[in-house]
Amino acid sequence: MIAFVRGNVAALTLTSAVVEVGGVGLELMCTPGTLAQLRTGATATLPTSMVVREDSLTLFGFADEEEKTIFELVQTASGVGPKLAQAIVAVLSPDGVRTAIATEDVRTLTKVPGIGQKGAQRIILELKDRIGAPTGTTSSGAGPAEAAWRDQVHQGLVGLGYNAKDADKAVDAVAGEAGAAPDVRALLRAALRTLSKA
């Protein structure tokens, strides 16, 4: 219905962005990695996917078309709704999802909160012939200052259901990987990996 949204970012929360389009504020549910690339007051263009339910219309926003494509495709697997699909694209890159499914990597898929062993096997079985090969493209995150990336990764982990104490430990564990221009999406995935090992 609504393929993309372009406008000024009016507000950011832990789980969503409000983009002003023609005097109307549209709330887009976004992953922490996508939110990390947005700045209040700046103009943004986000590919979107609308989920229509009996009692709600929810608009999901993405960093790029690849992320949107994976979000929509994984929902065609039984048992995967929009919230779980969003968790998948928050934890894994689009190519990460394709690789995990193509190589039947159950372990990688179970790093996503809400996906267990059986759920991962079902996703692989149902999507293996439709997911396509990895494209070799990666989404580049923004380069926020250290305090900003730490806060964004922490908020992302809490938003995915981890407690604040575990989130703090995971952020500390990946701090060495941040470098001069931290990629929040990559750091969030690394933090999730440390939590899945614990």
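This is a predicted model: local features need pLDDT of at least 70, side-chain atom pairs count only at pLDDT 80 or more; totals for chains, interfaces and linings use all residues.
**Salt bridges**

- Side chains of opposite charge can pair when their charged atoms come close.
- The count comes to 5 salt bridges in this model.
- Is Arg98 buried or exposed? Arg98 counts as buried because its relative accessibility is 6%, and buried means under 20%.
- Arg98 also meets Asp95 in a salt bridge, at 3.4 Å from N to O.
- Asp95 and Arg98 both sit in helix α4, 3 residues apart, which is about one turn of the helix.
- An α-helix has 3.6 residues a turn, so residues three or four places apart point the same way.
- Asp95 is buried too, with a relative accessible area of 11%.
- Through shared partners, salt bridges join Glu66, Asp95 and Arg98 into one network.
- Another bridge brings together the side chains of Glu67 and Arg185, at 2.4 Å from N to O.
- Glu67 is in helix α2 and Arg185 is in helix α9, so this pair ties together parts that are 118 residues apart in sequence.
- Glu67 and Arg185 are both buried.

**Aromatic rings**

- A pair of aromatic rings is described by the distance of the centres and the angle of the planes.
- How many aromatic pairs are there? The count comes to 2 aromatic pairs.
- Phe60 and Phe71 form a tilted pair, with 5.0 Å centre to centre and 40° between the planes.
- This pair links distant parts of the chain: Phe60 belongs to strand β5 (residues 56-61) and Phe71 to helix α2 (residues 65-74), 11 residues apart.
- Phe60 and Phe71 are both buried.
- Phe71 also pairs with Phe62, again in a tilted arrangement, at 4.8 Å centre to centre and 50° between the planes.
- Phe62 is buried, as is Phe71.
- Together, Phe60, Phe62 and Phe71 make one aromatic cluster.

**The nonpolar core**

- In soluble globular proteins, nonpolar side chains tend to be buried together.
- The largest nonpolar core here has 46 residues, and Ile123, Val153 and Leu157 have the most contacts inside it.
- Among the elements that give two or more residues to this core are α2, α3, α6 (117-127), α7 (146-159) and α8 (164-174).
- Which helix gives the most to this core? Helix α9 does, with 7 residues.
- Helix α3 (residues 82-91) is mostly covered, as 9 of its 10 residues are buried.
- The buried residues of α3 include Pro82, Leu84, Ile88 and Val91.

**What the UniProt record says**

- An unreviewed UniProt entry carries the annotation "domain: Helix-hairpin-helix DNA-binding motif class", covering residues 72-91 and 107-126.
- In the model, residues 72-91 are 65% helix and 0% strand, and the end C-alpha atoms of this span lie 16 Å apart.
- Residues 107-126 are 65% helix and 0% strand, with 17 Å between the end C-alpha atoms.

**Spots on the surface**

- Met1, Val52 and Leu57 make a nonpolar surface patch of about 390 Å².
- Val52 lies in strand β4 (residues 43-53), and Val52 is partly exposed, with a relative accessible area of 45%.
- Gly25, found in strand β3 (residues 24-29), counts as exposed because its relative accessibility is 52%.
- Gly25 and Asn8 are 17 residues apart in sequence, and their C-alpha atoms are 9.3 Å apart in space.

- Most residues other than glycine have a negative phi.
- Glu104 has a positive phi of about 55°, although it is not a glycine.
- Where is Glu104? Glu104 is in the loop between α4 and α5.
- With a relative accessible area of 46%, Glu104 is partly exposed.

Technical notes
Residues are numbered from 1 along each chain as its sequence is written. Side-chain values use heavy atoms; hydrogens and water are left out. Patches are made of residues with over 30% relative accessible area and no salt bridge: like charges are joined within 9 Å, nonpolar side chains (Val, Leu, Ile, Met, Phe, Trp, Tyr) within 5 Å. Accessible areas come from the Shrake-Rupley method with a 1.4 Å probe; for residues, only the protein chains shown count as cover. A salt bridge is a side-chain nitrogen of Lys or Arg within 4 Å of a carboxyl oxygen of Asp or Glu. Helices (H or I, at least four residues) and strands (E, at least two) are DSSP runs, numbered from the N terminus. Buried means under 20% relative accessible area, exposed over 50%, partly exposed in between (1.4 Å probe, protein chains only). UniProt positions are given in the numbering used here, feature names are shortened, and annotations may be inferred rather than shown by experiment. Rings of Phe, Tyr and Trp (its six-membered ring) pair if their centres lie within 6.5 Å; planes under 30 degrees apart count as stacked, over 60 as edge-to-face and the rest as tilted. A nonpolar core is a set of buried Ala, Val, Leu, Ile, Met, Phe, Trp, Tyr and Cys residues joined through side-chain atoms within 4.5 Å.
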